[in-house]
Amino acid sequence: MDNIREAILTTIEKNSRIDLNELAIRLGTDEISVANALESMENEGIICGYHTMIDWDKTSIEKVSALIEVRVTPQREEGFDRIAERIYNYPEVTSVYLISGGYDLLVSLEGKSLKEVSQFVSDKLSTLDTVISTATHFILKRYKDHGTIMNTRTEDGREKVSP
Amino acid sequence: MRNQLSDTIVNIKPSGIRKFFDIVAEMNDPEVISLGVGEPDFDTPWHIRDEGIYSLEKGRTFYTSNSGLMDLRIEICNYLKRRFDLQYDPRTETLITVGGSEAIDIGLRALINPGDEVIIPQPCYVSYEPCAILTGARPVIVNLKAENEFRLTAAELEEAITPRTKLVILPFPNNPTGAIMEREDLEAISRVIIEHDLMVMSDEIYAELTYKGKHVSIAQIPGMQERTLLINGFSKAYAMTGWRLGYVCGPAGIIEQMTKIHQFAIMCAPTTSQYAAIEALKNGDDDVEEMRRAYDQRRRYLIHEFRGIGMDCFEPFGAFYVFPSVQRFGMTSDEFATRLLKEQKLAVVPGTAFGECGEGFLRISYAYSIESLKKAMGRIREFVKTL
């Protein structure tokens, strides 16, 4: 991977809201090169999306998240792919991972309430053919997510002026 | 009543930075944002802090050997070898000090006889001149020039040398200008230094924060290692300012004498910091590189902004300072900085805090997030519009 691409990715990974001109200045290059690099990385599927990290707990909108471990019988010819697809197609499902260990898939879900999430698991998830069992874990507190610590100290503790 | 104080110390001018700091403190205004710090905004990387905490849990709270933990000295020599291709003996040529600051102080005390001349290129860090004066040395100031990108030239050095010159202090990468000395620059002054058989105190605390190729230490130049005290530390590269840890490497005979002073005056550098520093050297290369890249981006951003405002600024390739000129506004640095503070609530340090030749310049630190820098640049732009 060439330097400019890598520099762009490391910079925007934590801060996707940066404008092209600023990015170009910070990386010591021009806007066109940056725009082209971004576009080609998007096309190649290296950049898959630009999301925003929100702490919903601080808003009035109710959200409940859960992590569900799912055990499945893998399908002939398709392994886990097909069952994963059936699960991730649901918009409530925010991530699906194939994992090593006692369970096969790790699914994360978001709903408006405990009841809604539980209902989803019992109605939609557990009932899929090939799902053998599920174990649901509700997220009680988010300390760090996507590389961002949720409650970082923001004040600058340094003396205002120093040599 | 008798005169209670040392005349020497009373006659040393108080730090220009201190004066400005007091003005800021007096304003006591939470709206004031500062671009006046000389320390990183990053926290010490967690794995380093963790190691320090662990060493406390393990009860490692005793004195270490005066010279510092052997493991640390070994790691430092390994580091200097792998980063700068320098070979030093951890046993006899390395001393762990309380920051680079202590190394500067005891280095001068070990080398100077009263009346010796010490060449100090300015603008530079505030400590060299006072520490030199305290040893009875006579500081000889060389005023560096913007047109030379504030690098020390062989001609300037030659002109400052007299039969009494003992030592040249080389602070590069430089605080406050951000200037670096590249290999050719160092080779040129080395010729002069060797010819006049001078000693060098090379303060390389910002060595890792170099943005044009790799830092070159003067100790790498043939004929120089035997006459150079190489001072470095953990404050800037590893964001460990408060840990107070630095080191000096140099010829065994000098290190021995410096260790003697250190033994009597300090005993040893903080033990917790030493253990943390071992971890830093072993596993901190990536952290340093990440911080360096972040500084580099901010540096580019600031240069772009200052030139956009029309404030002349040479491109600095080291440390985390930008040194723009305010000459075109017909004000002194002090006036500009004071008005900027009062009118726009932005604190920057006038160049004069670092030497008389800093007149007409400001030191702007970029040890701040891009967001803070944007805010600050907005205020400077507003201020300049009113001029």
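Predicted model: local features only at pLDDT ≥ 70, side-chain atom pairs only at ≥ 80, totals over all residues.
Close-up 1. B:T44 is found in the loop that runs between β1 and α3 (46–57) of chain B. Leaving aside residues up to four places away in sequence, B:T44 touches B:R49, B:Y238, B:A239, B:M240 and B:W243. B:T44 counts as buried because its relative accessibility is 8%, and buried means under 20%.

**Close-up 2. Surroundings of B:G360.** The loop between β11 (349–350) and β12 of chain B holds B:G360. With a relative accessible area of 4%, B:G360 is buried. Residues up to four places away in sequence not counted, B:G360 is in touch with B:P324, B:S325, B:V326, B:Q327 and B:S333. B:D197 is 163 residues from B:G360 along the chain, and 35 Å separates the C-alpha atoms of the two.

**Close-up 3. Helix α13(B) and its packing.** The 16 residues of α13(B) reach 22 Å from the first C-alpha to the last, close to the 22 Å expected at 1.5 Å a residue. Its buried residues are B:I370, B:L373, B:A376, B:M377, B:R379, B:I380, B:F383 and B:V384. An α-helix has 3.6 residues a turn, so residues three or four places apart point the same way. In chain B, the buried residues of α13(B) pack against β1 (33–34), α11, α12 (333–344), β10 (346–347) and β12 (362–365). From chain A, α2 (20–27) is also among the elements they pack against.

**Close-up 4. The interface of chain B and chain A.** In this view, 28 residues of chain B are in contact with 16 residues of chain A. The two chains bury about 1,900 Å² between them, with 53% of it on carbon and sulfur atoms. On the chain B side, B:F21, B:Q297 and B:R300 lose the most area to chain A, together 28% of what that side buries.

Close-up 5. The rule finds two salt bridges across the interface of chain B and chain A. In one of them, the side chains of B:R293 and A:E6 meet at 3.8 Å, N to O. In chain B, α2 (16–27), α11 (285–309) and α13 (370–385) each supply at least two residues of the side that touches chain A. The largest share of that side, five residues, comes from α11(B). By class, the side of chain B that touches chain A has 14 nonpolar, six polar and eight charged residues.

Notes: Residues numbered from 1 in each chain as written. Chains lettered and ligands numbered in written order. Heavy atoms only, no water. Contact = heavy atoms within 4.5 Å. Buried area = accessible area lost by both parts, 1.4 Å probe. Salt bridge = Lys/Arg side-chain N within 4 Å of Asp/Glu carboxyl O. Helix = DSSP H or I, 4+ residues; strand = E, 2+ residues; numbered from the N terminus. Nonpolar A, V, L, I, M, F, W, Y, C, P; charged D, E, K, R; others polar. Expected span 1.5 Å × (residues − 1). Buried < 20%, exposed > 50% of the residue type's maximum accessible area, 1.4 Å probe, protein only.
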